[in-house]
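Dear colleague,

Here is the structure for your files. My notes on what was found in it follow below.

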Amino acid sequence: MNFNDIYNHYNIDPAFDDLIKNAENNLRNDFDKLEEISEFNQLKVLKAFNRNNLNTQDFISATGYGYADTGREKVEKIFADVFKSEDALVRPSIVAGTHALSLVLFSLLNHGDKMVAVTDDPYDTMQQVIGIVGNKKGNLLSKGVVYDKLSLDNDNKIDYKNIDKIIDKDTKLALIQRSTGYTLRRAFTIDEIKRAVYEIKKTNPNTIVFVDNCYGEFTEDKEPIEVGADIVAGSLIKNLGGGIAITGGYICGKADLIEYCANTLTAPGIGKDEGLSFGTTRHVLQGLYFAPHIIKEAIKVGLLFGKVFDKLGYDVIPKVDDPRSDIVQSIIFRDPDKVITFCKAIQEAATVDSNLVPEPFPMPGYEDPVIMAAGGFVEGATSELSADGPLREPYVAYLQGGLNYYHGKHALKCVLRNFKKLGYI
């Protein structure tokens with residue numbers, strides 16, 4: 001098969017093929033393991049659809065208060081089934097992952113309550129929600145919530161032996177961030193989350209364990225609630241959206257906790273009983289259907305980038321042989337120009353807006369300028385191929401997504417082309 005016309009169009013050097021094919025050959029066993037996880041999660045989703053009798057009429061959109069929005073109720077039953085939770089809140093009115101996480105915290109924490117982040121300070125946008133940076137109006141600290149954190153150990157892992165020193169009888173909620181975020185660690189696995197939950201509950205059985213599940217869904221064969229977490233939350237335009245969901249977020253967990261969240265989202269006395277799906281039911285469930293396959297493709301893309309850049313002498317997180325529990329592949333460049341070059345090449349390879357040129361920019365919710373390459377069918381959908389990073393030391397690019405592996409491999413060739421041109425490789 002002759003790829004010359006394609007290579008000429010993108011000005012790609014065919015010499016990169018050998019480097020990439022060698023990496024692919026070394027990754028065959030890793031790819032096979034991903035197939036097994038994907039198949040299991042695919043059947044889990046299908047089982048939830050069938051158990052809850054998903055029907056054509058569930059896709060009909062209601063108006064007004066949404067009392068007749070049967071699709072909304074069906075979506076939430078399916079999500080609760082998939083996540084093995086007592087209840088779920090899945091709404092297009094949850095605008096982002098940060099909103100879903102914030103909704104949980106503001107619903108469950110009152111003046112004087114103490115929360116502890118047991119995986120160190122959370123993601124940048126959540127730091128502003130809490131109030132440890134930014135001093136935004138209405139943050140948790142301004143409302144009298146008490147915040148503390150447990151730093152990671154010297155190996156960038158959860159400091160299990162000191163959990164009993166940070167969790168006490170007054171700790172209302174413990175937050176676990178599963179994904180790497182903008183840190184220099186890999187994502188925490190389900191087994192690691194299980195151990196953290198055990199240590200937290202052993203110290204204080206009444207502490208609510210809340211897992212930020214963003215970027216982690218379907219990367220393993222279990223979810224956090226199955227290992228003892230009380231509540232999880234995330235975005236529908238990341239893993240679970242499958243590149244199809246156009247907006248929304250989800251919260252799954254114990255029924256009483258979901259009731260608090262629903263009452264905060266709408267109003268006490270209304271809760272989950274009102275709120276339109278705005279015709280998004282089909283998108284949400286079709287995205288959920290495709291999600292296990294899409295996530296497998298995204299992790300394959302991350303593995304390929306990680307393998308190639310490791311071979312080129314760059315530090316990568318996670319390392320190729322590390323366990324993976326999110327879709328993020330970090331590459332440490334130690335040079336802002338390399339991060340910018342990387343993101344611009346990803347944008348050039350995008351499906352949408354490939355003609356645009358990303359530049360570092362002050363983004364809402366971030367303290368540092370951030371460069372974001374994101375050219376997808378759904379704006380901001382990081383299940384689609386994207387890359388970003390804050391312009392701060394040690395200057396790291398965070399690659400996410402890829403609806404299909406071939407697109408990700410093409411993007412890698414575009415990155416290598418630009419790096420070679422500038423003498424970075």
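**Salt bridges, spaces and a surface patch**

K114 is buried, because its relative accessibility is 12% and the limit for buried is under 20%. Please keep in mind throughout that this is a predicted model.

K114 forms a salt bridge with D168, and the closest N and O atoms of the two are 3.0 Å apart. K114 belongs to strand β2 (residues 114-117), while D168 sits in the loop between α7 (163-166) and β4 (171-177), so the bridge ties together parts that are 54 residues apart in sequence. D168 has a relative accessibility of 29% and therefore counts as partly exposed.

A second bridge joins D230 to K201, with 2.8 Å between the closest N and O atoms. It links distant parts of the chain, 29 residues apart: D230 is in the loop between β5 (208-212) and β6 (231-235), and K201 is in helix α8 (residues 190-203). D230 is buried at 4% relative accessibility, whereas K201, at 21%, counts as partly exposed.

Salt bridges with shared partners also connect E35, K296, E297 and K300 into one network.

In the whole structure, the search finds 30 salt bridges. Among them is the bridge between the side chains of D17 and K413, at 3.2 Å from N to O. D17 is buried, with a relative accessible area of 17%, and K413 counts as buried at 11% relative accessibility.

The largest pocket has a volume of about 1000 Å³. Its lining is made up of 45 residues, and those nearest the centre are M363, Y366, M372, G380 and T382. Elements that give two or more residues to this lining are α5 (97-108), α6 (124-130), β11 (369-374), β12 (386-390) and β13 (396-400). Strand β11 gives the most, with 5 residues. By residue class, the lining of the largest pocket has 23 nonpolar, 16 polar and 6 charged residues.

The largest cavity contains about 90 Å³ of space. It is lined by R72, V75, V90, R91, P92, L236, T247, L276, S277, T280, T281 and V284. Two or more of the lining residues come from each of α4 (70-83), β1 (87-91) and α10 (281-311). The lining of the largest cavity divides into 6 nonpolar, 4 polar and 2 charged residues.

Last, the surface. M1, F3, I6 and Y10 make a nonpolar patch of about 470 Å². One of these residues, I6, is found in helix α1 (residues 4-10). I6 counts as partly exposed because its relative accessibility is 40%, and residues qualify for a patch with over 30% relative accessible area.

Which residues lie nearest the centre of the largest pocket? They are M363, Y366, M372, G380 and T382. Which element gives the most to the lining of the largest pocket? That is β11, with 5 residues.

Regards

Technical notes. Residues are numbered from 1 along each chain as its sequence is written. This is a predicted model: local features need pLDDT of at least 70, side-chain atom pairs count only at pLDDT 80 or more; totals for chains, interfaces and linings use all residues. Side-chain values use heavy atoms; hydrogens and water are left out. Patches are made of residues with over 30% relative accessible area and no salt bridge: like charges are joined within 9 Å, nonpolar side chains (Val, Leu, Ile, Met, Phe, Trp, Tyr) within 5 Å. Accessible areas come from the Shrake-Rupley method with a 1.4 Å probe; for residues, only the protein chains shown count as cover. A salt bridge is a side-chain nitrogen of Lys or Arg within 4 Å of a carboxyl oxygen of Asp or Glu. Helices (H or I, at least four residues) and strands (E, at least two) are DSSP runs, numbered from the N terminus. Buried means under 20% relative accessible area, exposed over 50%, partly exposed in between (1.4 Å probe, protein chains only). On a 1 Å grid over the protein atoms alone, a cavity is a set of points where a 1.4 Å probe fits but cannot get out, and a pocket is an open set with protein on both sides within 12 Å along at least five of seven lines; lining residues have an atom within 4 Å of a point. Grid points are joined across faces, edges and corners, and a volume is the space filled by probe spheres set on the points. Ala, Val, Leu, Ile, Met, Phe, Trp, Tyr, Cys and Pro count as nonpolar, Asp, Glu, Lys and Arg as charged, and the others, Gly among them, as polar.
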